[in-house]
Amino acid sequence: MSLTSARQEATGLPDSHPTTATLTDLGIHNATLHLQPGVTELYEAALRRGEGRIAAGGPLAVRTNKTGRSPKDRFIVEDDLTRDAVWWGGFNTPISPVVFDRLLDKMTAYINTGANADGKELFVQHLFAGTDPAHRLGVRFVQEMAYHSLFVRNMFVRPSAEELADFAPDWTVLNLPGFRADPVQDGVRSDTFILVNFSRKMVLIGGTEYAGENKKAIFGVLNFLLPERGVMPMHCSANVGADIDGKGGDVALFFGLSGTGKTTLSADPTRALIGDDEHGWTDDGVFNFEGGCYAKVIGLNAEAEPDIYRTTHTFGTVLENVVLGSDGTPDLNDGSLTENTRSAYPIDQIGNIVEAGRAGHPRNIVFLTADAYGVLPPISRLTPEQTMYFFLSGFTAKIPGTEDGITEPQPTFSTCFGAPFMPRHPGEYARLLAQKVQASGAQVWLVNTGWTGGMYGQGKRMSIRHTRAMLNAALSGGLDGVTFEREPHFGLEIPAQVSGVPDGVLNPRDAWADAAAYDVVARKLARMFRENFKRFESGVDGAVTASMPDPDGQN
Ligand SMILES: Nc1ncnc2c1ncn2[C@@H]1O[C@H](COP(=O)(O)OP(=O)(O)O)[C@@H](O)[C@H]1O
Ligand SMILES: C=C(OP(=O)(O)O)C(=O)O
Ligand SMILES: [Mn+2]
C-alpha cells in the first residue's frame, strides 16, 4: 500500500501519478522530454544548454542565481488535509488551492509556448525518497535544468530496472527556475516560490536554481506524512560502528541545523555511513531518505576529510557555486560566490557505507550545535528531560555576517533542529522522539562543534579532531565509567576526562581566559533559551520545564 492511499481513497484522488512518457496529466503537451536520463546524457545536455562546465577530475560545476534555500518563499496549500494538521506560522505559510492551480497553469503555459518549435526541454526522473520499501515515496521529478536532474539522481534513491518497469510515482515535483512568479498577480511573496500541495501530491518550484530545494521540499512532505504512521522523521545524519558483537554494530544519529557538522562528522572512515541529512525511525530501526549526500565544501581540507574531498574531483558529482581556476581546478577556499559551496554526489562515492541505507535502532543520539558564543560544553550527557528541552529549542549560533559589521554571534532557535521542513506541531515530533528514545534506551549527547575559549572573535572553532575524539569515546562506551561534573547554567553533565582531548577543553568555563566573562555570556545565552522556550512551556511536561537553563547558575 502506498504511503497515503488510505487518504486517497477518502479524497477520491488518483492513487499515483501517471508513469507514461507524457506529461499531459500536468497539462504539458508541447515539450521535448528526456525520460530517466543517465549521467552522460545529463552532462551533455547541461553543457549544450550552457548550465555549467566540467571541472578537473570530472564533476559538473554550476553556478546558481540563489545560493541557498528560500524558506520564506515556501507555502503549503491549506485545505481539508492540512487545515488542522499543519502547525501554521513560522515557516509554514498557508496558500489557497486557487493560487496553486493558477501558478500551475502559468507554468504549463510557460512550457507549452516555449521558444523552440518543440516547446521547452524537460528532464524527468523517477526516484524514491526513502530506502525503506514500506515507507518510501515514489517521486517524479519534472525539471527544466539538466543539472537539477543530475542532482536529484545523485541525491535520491535510484530504482532498480525492475522497480523502474512498474514505477508508480506518488508525488510530482515540477521545478522550473526560469519561470518567475509575479508577486502581485500570483499571490506569492517574490518571484521565487516553493508550493506544496498534499491533496494533489505536487510540489511546484520556480525562480530559484539552488538545487537543495528539490530535496528539502520532499523532506517536508515525508515529515508531514510519516508521523501518522508512527515513524519519526529526523533532520539528522546517521552511521554505524563495526559489528563487534554480532548485533549489527552501534547506530548513531547526529541531529543539527545547517553547518553544525552532520555531513562532516557522519563521514567517518571507521564507521559506515547510512546518510548525511534526513532519516526515518520505524519500529525496526532507521532508514535514510536519500541515496546521496550534499556536502558543504568551503575550506575543505583534503587530509582532514579525504572522503568528501575526493568527491570534489570525481565524475558524476555536481559542484554548486565552487569557483574553478582557468584550468578547471576547483578552488575550495574561494567563497566569492557564496560560503555555501556544495558537492552533491551519490553515497557510494564514500568509502565506508551501509549499502541498503537502513540499520537497527540507535544506541547513541547526538545533538550537534555550533555555538558561536562558546558557552555550551564540547560534549555533555543529556537527561530525558534535557533531551526534550534541547530538541524543542533547536539551538545553534552562527557567526556574524561578514558584510554588515555585526560582531555578535547570531542565535538561531529552529525547533526540532529543522523548523523550515517540519509542517506539524513540534510537540508531535518531540513525543515520537521521546517514545523511541525510551523504547530503544539510546543515550543522548549534546556536542558543541562551535566556539571554545571565548565567543566568536576571541575564541576559536573547536577542532574537528577533538570533536571526533569526543564522539568516538561516547559512541564506543568509553565514557561509561568516567565521572561527570554538572555545569551550573544549563545543568549539563560534562565528562571529567576524554582520551585524546586535553583537560582544559572539556569544561567551557576553564577554556575561557576570563571565567567571569564566561559567566556573563552564559547567563545571556540561558536567558535567550528561556525566552525562546516560552512558546512551548504550556505544552510540555513540568519536568521538561524544570530542566530549563538558569541564568543565576543554580542548576
Ligand atoms: N569541530 C567541528 N565539527 C564539525 N564540523 C566542523 C568543526 N569545525 C569546523 N567544521 C566545519 O563546519 C562545517 C560543518 O558543515 P556540515 O558538516 O556540512 O554541516 P551540516 O551537514 O550539519 O549542515 C564544515 O565546513 C566543517 O569543515
Ligand atoms: C541542504 C541543506 O542542508 P544542510 O546544510 O543541513 O546540509 C540546506 O540547508 O540547504
Ligand atoms: Mn549536511
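Leaving aside neighbours within four places in sequence, which residues is Lys216 in contact with? Lys216 is in contact with Arg69, His235, Asp277 and Phe421. Contact means heavy atoms within 4.5 Å.

This is a predicted model: local features need pLDDT of at least 70, side-chain atom pairs count only at pLDDT 80 or more, and totals for chains, interfaces and linings use all residues. Residues are numbered from 1 along each chain as its sequence is written, and side-chain values use heavy atoms, without hydrogens and water.

**Two annotated residues**

An unreviewed UniProt entry lists Arg69, Tyr210, Lys216 and Arg342 under "binding site". Such annotations may be inferred rather than shown by experiment. Of these residues, Arg69 and Lys216 are included in the lining of the largest cavity. A cavity is a set of points on a 1 Å grid over the protein atoms alone, where a 1.4 Å probe fits but cannot get out; lining residues have an atom within 4 Å of a point.

Arg69 touches Tyr210, Glu213, Lys216, Pro420 and Phe421, not counting residues up to four places away in sequence. The table gives place and accessibility.

| Residue | Place | Relative accessibility |

Helices (H or I, at least four residues) and strands (E, at least two) are DSSP runs, numbered from the N terminus.

**A helix crossing**

Helix 10 (residues 384-393) meets helix 14 (residues 515-537) through residues including Tyr389 and Phe533.

Terms used:
Chains lettered and ligands numbered in written order. Axes fitted to C-alpha atoms, helices over the stretch in contact; angles between N-to-C directions. 1 Å grid on protein atoms, 1.4 Å probe; cavity = no way out; pocket = protein on both sides within 12 Å on 5 of 7 lines; lining within 4 Å.
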